[in-house]
Amino acid sequence: MTEPQLQLGKYLDLQTFCACTQTYQQYSDRINPYPQNPRETIPALRSLNQFILDPLIDYFGLEQFRLTYGFCSVELKRSLEQRNPITGIKNGRVDPKRDQHMAHERNRKGNYYCDRLGAACDFWIEGVPSQQVVEWILEQQLPFDSLYFYGSTRPIHISYGPQHKRDIWTFTPTGQPSRKGIEPWLELARRI
């Protein structure tokens, strides 16, 4: 059994990282939010905290830091893929092959859900436009793998993994990945 109070970094524990999503809050009685492969997943979550989140929180402050999506367990993945019985709307979006939220979890065949490994989370800094946070991340040369910018008032997706691609994407109003309008960020990311 995984210990919920296990510290992942200076600020966040496993409970916080696994139970922050709205979907988990809504269905907590039926979801085990914790890793089933803790031997590999916990070190990945710790690295994400150490190299990405701890420096962010050190600078912007824990009081303003809001984690909106951390680790995605197998049961949370299933719930995200389902529709809300009242609204008929999907509970959330999940892309386990690419987004790294499932860290080092394995499927029934023993394969990783995401071959890129590492770990990811979505967060925002209250009172600070997200583009300003992205610029700070780039200026500090944080060793991220992927960063998704959804807009100035939306959370940022960031991952830490062995590839350290420093890949940055934004999205069109219809949700299509794009690099249009973020060329200066891409140039900054390439310089490192």
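Start by selecting residues 156-160, strand β4, which is mostly covered: five of its five residues are buried. Buried here means under 20% relative accessible area with a 1.4 Å probe, counting protein chains only, and strands are DSSP runs of E with at least two residues, just as helices are runs of H or I with at least four, all numbered from the N terminus. Keep in mind that this is a predicted model, where local features need pLDDT of at least 70 and side-chain atom pairs count only at pLDDT 80 or more, while totals for chains, interfaces and linings use all residues. Numbering starts from 1 along each chain as its sequence is written, and side-chain values use heavy atoms, with hydrogens and water left out.

Now show the side chains of β4. In a regular strand, side chains alternate between the two faces of the sheet. Which residues sit on each side of β4? Ile 156, Ile 158 and Tyr 160 are on one side, His 157 and Ser 159 on the other, and both faces are covered.

Pick Ala 120 and you'll find its bridge partner in β4, Ser 159.

Then select 146-149 for β3, which is joined to β4 by three bridges, also running antiparallel. Phe 149 has Ile 156 as its bridge partner in β4. Step into the hairpin between β3 and β4, with six residues between the strands, and stop at Gly 151: its phi is positive, near 145 degrees.

Go back to Phe 149 and look at β5, where Thr 170 stands opposite. Strand β5 covers residues 167-171 and runs parallel to β3, with four bridges joining the two.

Time to zoom out to the sheet. It is open, has six strands in the order β1-β2-β4-β3-β5-β6, and mixes its pairing. Strands β1 (65-69) and β6 (177-178) stand at the edges with a single partner each, so one side of each lacks a neighbour in the sheet.

Finally, show the whole protein chain: six helices and six strands, running α-α-α-β-α-β-α-β-β-β-β-α from the N terminus. The C-alpha trace spans about 45 × 35 × 35 Å along its principal axes. Buried residues make up 50% of the 192. Of the contacts (heavy atoms within 4.5 Å) with a separation of 6 or more, 57% link residues 24 or more positions apart.

Methods. Pairing = 2+ DSSP bridges.
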